[in-house]
Amino acid sequence: MLHPDRLLPSDPTTRDIARNLYAQVKNLPIISPHGHTDPAWFADNQPFGNPTDLLITPDHYIFRMLFSQGISLQQLGIPPVGREAQTHTDPKQVWQIFASHYHLFRGTPSQLWLDHVFAEIFELPEQLNADTANAYYDRIDALLQTQDFLPRRLFERFNIELLATTESPLDDLKHHNVILESDWTGRVITTFRPDPVLDPEFEGFKANLSTLASITGKDTSSYSQYLEALSVRRAFFKAHGATASDHGHPTAGTANLSRSESEALFEKIFRSEFSAAEAELFRRQMLTEMAAMSLEDGLVMQIHPGSYRNHNSHLFETFGRDKGADIPVQTEYVKALKPLLDRFGNEPDLSVILFTLDETAYSRELAPLAGHYPILKLGPAWWFHDSPEGMRRIRQQTIETAGFYNTVGFNDDTRAFLSIPARHDMSRRIDCGFLAGLVAEHRMDEQEACEVAEQLAYGLVKRAYNL
Amino acid sequence: MLHPDRLLPSDPTTRDIARNLYAQVKNLPIISPHGHTDPAWFADNQPFGNPTDLLITPDHYIFRMLFSQGISLQQLGIPPVGREAQTHTDPKQVWQIFASHYHLFRGTPSQLWLDHVFAEIFELPEQLNADTANAYYDRIDALLQTQDFLPRRLFERFNIELLATTESPLDDLKHHNVILESDWTGRVITTFRPDPVLDPEFEGFKANLSTLASITGKDTSSYSQYLEALSVRRAFFKAHGATASDHGHPTAGTANLSRSESEALFEKIFRSEFSAAEAELFRRQMLTEMAAMSLEDGLVMQIHPGSYRNHNSHLFETFGRDKGADIPVQTEYVKALKPLLDRFGNEPDLSVILFTLDETAYSRELAPLAGHYPILKLGPAWWFHDSPEGMRRIRQQTIETAGFYNTVGFNDDTRAFLSIPARHDMSRRIDCGFLAGLVAEHRMDEQEACEVAEQLAYGLVKRAYNL
Amino acid sequence: MLHPDRLLPSDPTTRDIARNLYAQVKNLPIISPHGHTDPAWFADNQPFGNPTDLLITPDHYIFRMLFSQGISLQQLGIPPVGREAQTHTDPKQVWQIFASHYHLFRGTPSQLWLDHVFAEIFELPEQLNADTANAYYDRIDALLQTQDFLPRRLFERFNIELLATTESPLDDLKHHNVILESDWTGRVITTFRPDPVLDPEFEGFKANLSTLASITGKDTSSYSQYLEALSVRRAFFKAHGATASDHGHPTAGTANLSRSESEALFEKIFRSEFSAAEAELFRRQMLTEMAAMSLEDGLVMQIHPGSYRNHNSHLFETFGRDKGADIPVQTEYVKALKPLLDRFGNEPDLSVILFTLDETAYSRELAPLAGHYPILKLGPAWWFHDSPEGMRRIRQQTIETAGFYNTVGFNDDTRAFLSIPARHDMSRRIDCGFLAGLVAEHRMDEQEACEVAEQLAYGLVKRAYNL
């Protein structure tokens, strides 16, 4: 069902070049340096649940679209917070609803990923729809119980060289420990994501500071010990393989307060007597502090700003976070990053990878910044823009200014483990098509394009993330 | 003169697919759910005026371009306000000026629409220019006096299934009445556009409230009766066929004030003692009130924000509004719509269609919002963006996140009745080309594309506007 | 090494049309109405320095990219301010570093321009890389010492009909004088760029006012004499061939203060007792004053707003301005230009050319403004956007609204004299490709496209700059 030329440009000259480039990169190992899969899968290596639990319930790309067309989360088996026990939905019925609405995903990357999963991983021969829903469900359900579909076996079958998950600094990393101590050779590392203890407006922030104190033995009511506690946890993460941190703030803002200003601000934050502006200022200062620590311990910083989280108040109150209601907002970088850049912008030993949900920043801000500052690199198309058109736009709008070598290859950034090969394959195809376009217009020769294609699929990510 | 493959992609593979898709949709009836034609044409069914009065004087796309190149509005026969009687311009001379400058429209949709009108409706065999101007004028002028060019005959010839006009809430809808009571079967409905009585900064706002009072018998100095008066007019419009309201505010802002706050604000507004910020707050609150009424009466809300109206002060003072000097401004939706969405965002029985003149909102804000909230749908490319490139951009930048089924088909949004077939044809061709590109890259199969093409040309608009 | 079809669209139909169009324009003379070459070159007609001094050290496109990848400016032979005498770098060693990192420029316009220079001007048969670096250096170095590579000979060889440089109002224009009084027929004119005496935050502003006073005999502590001094210098520039002024403010803001407000503001500015907001207001008022003077003396105004200059503080302090650290910021035009437009927007004898680094303004603000106001024209893709993709975007996003005839042809805007033919050639190829796309989609006929191609390459620039 999957066409061998899918996602390659239709112009025959360009497609031929793209095919050649793609042939060079399609079998390169997958490196997934940033994502949200569950390390327990690889620690425990137990069979995944049923098709619905695996493919629908956790995927906000899917239920956001169904929700937008009037299907409630309850119908999809997603329980209100605190009522998980009382919520019993027949997974097969949910699957039927999903299949009956599969046309809603026409033209979206979700359909391309899912079709790849269905065809390549489960070898399903027909299109999913209301009629084939049952057969799909049964086949997937049966296969998931077999040895070949255990998490580690899939990891190997997917040719994954390295997979990074993302954890709270309060996580004990026990699953990573199990993996490290096992005789399995798969590399699954963690990423340090300190938002829960850096963002005063994060749910449970105050309790998180207490936990941070208890696991580090530091008094997190003191600013200096708070910073030490963060440093201790970074070291702990690094010891479990982390090579990077990740930061999901509402803005890209940074600050460079004096020590006494920082302490005074922290005191307000700690006492929970702060304004929204003070919370923002604290997050800004903390990004700069994280950069300072990165300079010490070598963790690469990733900044993922500009998502208005949990925009749908009613949904958030009832169902909690990550329910498909995070909406991008305009995001400024040039003024926002200046305090951090004034302090660390030219450091040879620091690396900061910038992401955006606001594509207007590509050509205006991000490419010029990454094409100048030694510490800055440009991350791949993120989230809503991790799609064929989105990937083309980021290339068209940044490469001419930033070049290829200030970029970092692909991130799948996914919770959906089974979609990882589909996502990397899409990225490789689109990049080969983009490069083929340059070759077809004689803007690059074919040998150069081949080298760049390998860098985009494999070389750059290893270097950027110190892997 | 019109090439059968015009506006289809030039790549031969893609063009072939596009041709097949287009063949399926080109003869579907036209549904025009939002526009600005004059209902008197269809009520009275009198011959249109001369070519200049029909095609140039009322079309701000045309005279804005001529004006930008130094041709005064007087030269084009557009009179200063209040001096209509003293302005006598030979329409044939105006036509000659227009024809001599026709090259200015190269590359614009206006030329494509006009060429379609000239070739298809008037069967003119050559390109318009200074030399052919006279022959053009004479032929068009003669044809306009014939039975075949009466408004109702053209309506039928254009295969229009339904046409919506747009009226002030103070309009008596007498033309719609005539149409409804006639034996003509053409469907011409109205749209409720309450800006003149919702926007405190609208010309004549205070007088408009008085008129509203007199035609509804409500005391519009009282907030509650003001709301009742609006509700009465909505019912009146609905009785004349309206299925939608339309709102052209400077921003997409909404508010959710308490009843007492609203009353206090209205009092200031009514006394004309308000600041610009209070005017804006009132418009915001009124959008939310309109949503509340829509939930009651089922009218679909259209929001057309972000035009800086009458930017050219001198022109506005001399010639009045709608003289080609409305300029788009940056328009934010995520924070702007939140008050309305917090209150009504998940209502199954409400429908809000969003438009924009700020294309940066497509991928960043509008597609993620429409791809999540059940009440939101995404309108087609609007005004300056209602063009081949503009239509491609909106598809490329929204479909991957919102899908096709959160969009509403095409709007021609025109005052230029004769251009309606040209505009719908352009939209169908561009959409078929876009879909053909997906098929050519194996991102969609041809049968799916065919279904989607029919939805975009016909199915979605019927559903979205309850037609 | 240069492919004859480079930069033309790969679709065979479109490429054929593009080839025909390009054949009509490729040999048209070059008009370069805005740039930053050194007039001393053409006055003195001495040999250029070595390859490094000519091609690397002055080109911030090149060293910004090398710097972003960890190569210090010192390594590239760029001296810290005040330490020029102590900085001795072997130019051949710098060339070797550059050549070894030439892959960094893959996909950038810099590589396309450089390859053009190497192949066409120096007839170098192979690709530059670490191995060929020496041979490149030696050949270029040798050629630069020959008669055929003297500045005036290259000017003629490049088929330049006119070249405009850009000077401070304090410049004595002695090089232009030499050129004017010589028997050489090459036309090199100046451009009036008054930022150093209009922008209170410009380095040395206060001293600049003193110099302005001494060269004009006006008392620049008086607002009226300050304006007179500016007017005197404009006349001086005009007498040396200037047909345009140029303004590089941080924003596009304009103001329309009363005379007494302006005087009071100027007093603060002159006493150096002003806030950042007052500096901005002064710049805004000065743009409007410049427009008033343009109306008198006929100089065309160019506005180049929206660059955050010298963003890298450390680099600026050590190495000074123009070191590749100017970063674009969001730039608003609709409200910003209104004060100027309210006063002069409809003047038949004024011409203002707008540029942007913020591409979001193309379709939203600039095309609608240029497509309406008689005084406004739209400049070509600027700086980071002067690239194949950037040029395509500006056409795709502006022509449908502004038309071709509200644009002004191409600007190379370069300090790199040798790259001028490469840059104009790129622009002609991309424009022919864009037009060919319109022809291939039957949106324009081939004869029209041919006329427009000639206008874009030659006709429009002559008219727009009064050349």
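**Figure 1. Helices H1 and H20 of chain A, where they cross.** In this predicted model, helix H1 (residues 12-25) and helix H20 (residues 446-464) of chain A have axes that come within 9 Å and cross at roughly 45°. Helices here are DSSP runs of H or I with at least four residues, strands are runs of E with at least two, and both are numbered from the N terminus. Axes are lines fitted to C-alpha atoms, for helices over the stretch in contact, and the angles run from 0 to 180 degrees between N-to-C directions. H1(A) passes H20(A) in a right-handed crossing, a label used when the near helix is turned clockwise from the far one by less than a right angle, with anticlockwise being left-handed. On the H1(A) side, look for Ile17(A), Leu21(A), Gln24(A) and Val25(A); they meet Glu446(A), Ala449(A), Cys450(A), Ala453(A), Glu454(A) and Ala457(A) of H20(A). Contact means that C-beta atoms, placed from the backbone, lie within 7 Å. Sorted by class, the residues of this contact are seven nonpolar, one polar and two charged. Nonpolar covers Ala, Val, Leu, Ile, Met, Phe, Trp, Tyr, Cys and Pro, charged covers Asp, Glu, Lys and Arg, and the others, Gly among them, are polar.

A quick note on the model and its labels: residues are numbered from 1 along each chain as its sequence is written, while chains are lettered from A and ligands numbered from 1 in the order in which they are written. Because this is a predicted model, local features need pLDDT of at least 70 and side-chain atom pairs count only at pLDDT 80 or more, while totals for chains, interfaces and linings use all residues.

**Figure 2. H18 meets H19 in chain A.** Here the axes of H18(A) and helix H19 (residues 420-440) of chain A come within 10 Å and cross at roughly 45°. That makes H18(A) oblique to H19(A), and H18(A) passes H19(A) in a right-handed crossing. From H18(A) come Pro388(A), Met391(A), Arg392(A) and Arg395(A), which meet Met426(A), Ser427(A), Ile430(A) and Phe434(A) in H19(A). Five nonpolar, one polar and two charged residues make up this contact.

**Figure 3. The three-stranded open sheet of chain A.** Strands line up in the order E1-E2-E3 (chain A), with parallel pairing. Strand E1 (30-32) and strand E3 (188-189) of chain A sit at the edges with a single partner strand each, so one side of each has no neighbour in the sheet. Three bridges tie E1(A) to strand E2 (residues 160-164) of chain A; strands count as paired if DSSP finds at least two bridges between them.

**Figure 4. Parallel strands in chain C.** Strand E1 (residues 30-32) and strand E2 (residues 160-164) of chain C run parallel and share three bridges, with Ile30(C) opposite Ile160(C) in E2(C). Two bridges then connect E2(C) to strand E3 (residues 188-189) of chain C, also in parallel. At this second pairing, Leu163(C) has Val188(C) in E3(C) as its bridge partner.

**Figure 5. H13 against H14 in chain C.** Helix H13 (residues 259-270) and helix H14 (residues 276-297) of chain C pack at an angle of about 130°, with axes 10 Å apart. The two are therefore oblique to each other, and H13(C) passes H14(C) in a left-handed crossing. Ser262(C), Leu265(C), Lys268(C) and Ile269(C) in H13(C) face Glu278(C), Leu281(C), Phe282(C) and Gln285(C) in H14(C) across the contact. The tally is four nonpolar, two polar and two charged residues.

**Figure 6. Where chain A touches chain B.** Chain A puts 41 residues into this contact and chain B puts in 39 residues. Elements of chain A giving two or more residues are helix H4 (60-68), helix H6 (109-121), helix H15 (313-319), strand E7 (327-328) and helix H18 (388-402). H4(A) gives the largest share of the chain A side, four residues. That side has 16 nonpolar, 17 polar and eight charged residues.

Definitions and conventions
Two residues are in contact if their C-beta atoms, placed from the backbone, lie within 7 Å. Angles under 35 degrees count as roughly parallel, over 145 as roughly antiparallel, 65 to 115 as roughly perpendicular and the rest as oblique.
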